Amino acid sequence: MTDSRTKWEGFGARVWTVRRELSLSLDYLAAQVYLTTGMLQEIESGALDPGRRVAQDLDRELRLAGQLWDAWAAAHLATLLQGNATVTDALPEVLQVRAYAPLVLPDPYLTDAYATALHRAERPMACASPDGDRPHVGRLLPTSDAAPYQCLVIDEGALTRTLAGPDATRTQLLHLHRLAQCDRITVHVIPTGTPYHPGLRGAFWTLNYSPAHTLVYTPQPCGPGHLTNEATHVKTYADLFATLQGVALSAEDSLHRITEIAARVPTPERRALRS
């Protein structure tokens, strides 16, 4: 706790120093970033994590060109990683999530019915209740304007694999299609038949907090998964994601491909004709 406390004190001291240099009163700066004067005092004393939104606003008002924002991200991650943090703890302050999924859609993109089918497939001998040992990750909705920016790269095989019944599968694909049309969500599909590409060993996410600070999350079938901010690993995964995005279809072509896949799922009428 000492290390993170020191970082917050350093962050707060920077805010106090620059505010005084610019001759800004506590009341004025607090009003500009939509805080009470008392909360701003707590931030300057190092007693409070202001959160990413306030850190970005303070950075702008104090004309620090991203330096204060990065300082916030460094202190926030130091605090986060001191404990047994899971991706559930890591997500609330994330600016952008980049996810690669070679086998199944990531949890945030699932409908309830598809998630239930996935749980049943993963644990056929377990009860039907949700995974208790995996972190809870909120679902994305087309109306989630406050959610982080999302970029998903997914293998086409994850969308065509028989996992749920036709109705649940079609609903899931249409849900993904709606999400992919949102301003804050981009989906890229790697078509079946694409020549060898890296990333086949498993899914990963990169969680971006500021231009200079990123975490990597590697989900697992059981347990909480793994978080790391080790610089070499972060760069490796960032480069890998860029490579995967490069071999995938464009966002527009991916939308068309999702539509084509959904159209191939038998509707009740077509199933009736076959019976």
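User: Where is leucine 58 found?

Analyst: In this predicted model, leucine 58 is found in helix α4, which covers residues 52–61; helices are DSSP runs of H or I with at least four residues, strands are runs of E with at least two, and both are numbered from the N terminus. Residues are numbered from 1 along each chain as its sequence is written, and side-chain values use heavy atoms, with hydrogens and water left out. Local features need a pLDDT of at least 70 and side-chain atom pairs count only at pLDDT 80 or more, while totals for chains, interfaces and linings use all residues.

User: Why is leucine 58 called buried?

Analyst: The relative accessible area of leucine 58 is 0%, and buried means under 20% (exposed is over 50%, partly exposed is in between, with a 1.4 Å probe and protein chains only), so leucine 58 counts as buried.

User: Which residues is leucine 58 in contact with, leaving aside its neighbours within four places in sequence?

Analyst: Contact means heavy atoms within 4.5 Å, and with those neighbours left aside leucine 58 is in contact with Val15, Leu29, Val33, Leu40 and Leu68. Leucine 163, by comparison, is 105 residues apart from leucine 58 along the chain, and their C-alpha atoms are separated by 47 Å.

User: What makes the 6 strands an open sheet, and in what order do they stand?

Analyst: The order is β3-β2-β1-β4-β5-β6, with mixed pairing, where two strands pair if DSSP finds at least two bridges between them. The sheet has edge strands, β3 (185–190) and β6 (226–228), each of which pairs on one side only. From one strand to the next the twist averages 15 degrees, with axes taken as lines fitted to C-alpha atoms (for helices over the stretch in contact) and angles running from 0 to 180 degrees between N-to-C directions.

User: How many bridges join β1 to β4, and how many join β1 to β2?

Analyst: Strand β1 (residues 96–101) is joined to β4 (residues 204–210) by 5 bridges, and these two run antiparallel, whereas 6 bridges join β1 to β2 (residues 149–155), which run parallel. On the β4 side, tyrosine 100 stands opposite phenylalanine 204 and the bridge partner of glutamine 96 is asparagine 208, while arginine 98 stands opposite cysteine 151 in β2.

User: How many cavities of 30 Å³ or more does a search of the whole structure find, and which residues line the largest cavity?

Analyst: The search finds 1 cavity of that size, and about 30 Å³ of space lies in the largest cavity. A cavity is a set of points on a 1 Å grid over the protein atoms alone where a 1.4 Å probe fits but cannot get out, and lining residues have an atom within 4 Å of a point. Its lining is made of Leu105, Tyr114, Ala158, Leu159, Thr169, Gln172 and Leu173. Two or more of these residues come from each of α8 (157–160) and α9 (166–180), with α9 giving the most, 3 residues.

User: Why are glutamine 172 and histidine 175 called buried?

Analyst: Both lie in helix α9, glutamine 172 at 2% relative accessibility and histidine 175 at 9%, so each falls under the limit for buried. Leaving aside neighbours within four places in sequence, glutamine 172 is in contact with Leu105, Tyr109, Leu110, Thr111 and Tyr114, and histidine 175 with Tyr109, Leu110, Thr111, Leu140 and Pro142.

Conventions: 1 Å grid on protein atoms, 1.4 Å probe; cavity = no way out; pocket = protein on both sides within 12 Å on 5 of 7 lines; lining within 4 Å. Points joined across faces, edges and corners; volume = space filled by probe spheres on them.
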